[in-house]
Amino acid sequence: MKWTASFFLILIINMASYSQKIDEAAVIKKLLEKESATWRAADSKGHTECWHIQPYSRILISTADGVTLDIPPTAMINTNPNAMGNGGFSVNTNYKMSINGNSAWVSHDEESTAKDGKKTFSYEIRLLEKIKGQWKLVGQSIHLYNPK
């Protein structure tokens, strides 16, 4: 009887910790989708809310033609809406993530469609930290590519 009770207690604890990780993954995905949408909508306030710039933050972009851009992280906060996206939408897929306590990294694929219908494709790595109980982006690496 004691063995059965112990087994079920361990099972319940494992299920609770697993569901918490699932919830964290959903919260992170929601944040990443918000960050993408607010950029395209030129919503500077909403975009700023997705970020927490740290002394070690870094934004790296490699273009499809091989150019590498090292963007100042402060460009992600309080951005002039005229310098932001110009409409359209994006779809993130193929999420893979590692969540460890208050830190996480996520990779995903992004297909962006501009207002004029032009599509761009990227592989993205996002670095996040939980700040005051909220997940925030602290860095990212974006690699644009031309599909074959």
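Leu127 is a residue of strand β5. The model shown is predicted. With a relative accessible area of 39%, Leu127 is partly exposed, because that category covers values between 20% and 50%. Together with Trp105 and Ile125, Leu127 makes a nonpolar surface patch of about 260 Å².

Strand β5 spans residues 119-131 and is joined to β4 by eleven bridges. The two strands β4 and β5 run antiparallel. Within this pairing, Glu111 stands opposite Phe121 of β5.

Strand β4 itself covers residues 103-113, and eight of its eleven residues are buried. The strand is thus described as mostly covered. Buried here stands for a relative accessible area under 20%.

Strand β4 also pairs with β3, which comprises residues 89-100. Ten bridges join β3 to β4, and these strands too are antiparallel. Met97 is found opposite Val106, a residue of β4.

Both pairings are hairpins, and in each a glycine takes a positive phi. The table sets out the two turns.

| Hairpin | Residues between the strands | Glycine and phi |
|---|---|---|
| β3 and β4 | two residues | Gly101, near 65° |
| β4 and β5 | five residues | Gly117, near 95° |

**The loop between β1 and β2**

Thr63 sits in the loop that links β1 (59-62) and β2 (68-71). Its side chain makes a polar contact with the side chain of Asp65, at 2.3 Å. Leaving aside residues up to four places away in sequence, Thr63 touches Leu69 and Leu144.

**The chain as a whole**

How many helices and strands does the protein chain have? There are two helices and six strands.

The protein chain has 148 residues, of which 35% are buried. Its accessible surface is about 9,500 Å². Carbon and sulfur atoms account for 60% of that surface.

Contacts along the chain can also be sorted by sequence separation. Among contacts between residues at least 6 apart in sequence, 52% join residues at least 24 apart.

The neighbouring strand in the pairing, β4, has bridges both to β5 and to β3.

Technical notes. Residues are numbered from 1 along each chain as its sequence is written. This is a predicted model: local features need pLDDT of at least 70, side-chain atom pairs count only at pLDDT 80 or more; totals for chains, interfaces and linings use all residues. Side-chain values use heavy atoms; hydrogens and water are left out. Buried means under 20% relative accessible area, exposed over 50%, partly exposed in between (1.4 Å probe, protein chains only). Helices (H or I, at least four residues) and strands (E, at least two) are DSSP runs, numbered from the N terminus. Two strands pair if DSSP finds at least two bridges between them. Patches are made of residues with over 30% relative accessible area and no salt bridge: like charges are joined within 9 Å, nonpolar side chains (Val, Leu, Ile, Met, Phe, Trp, Tyr) within 5 Å. Accessible areas come from the Shrake-Rupley method with a 1.4 Å probe; for residues, only the protein chains shown count as cover. A salt bridge is a side-chain nitrogen of Lys or Arg within 4 Å of a carboxyl oxygen of Asp or Glu. A polar contact is a pair of N or O atoms within 3.5 Å; within protein, one must be able to donate a hydrogen and the other to accept it, and residues adjacent in sequence count only if both atoms are side-chain atoms. Contact means heavy atoms within 4.5 Å.
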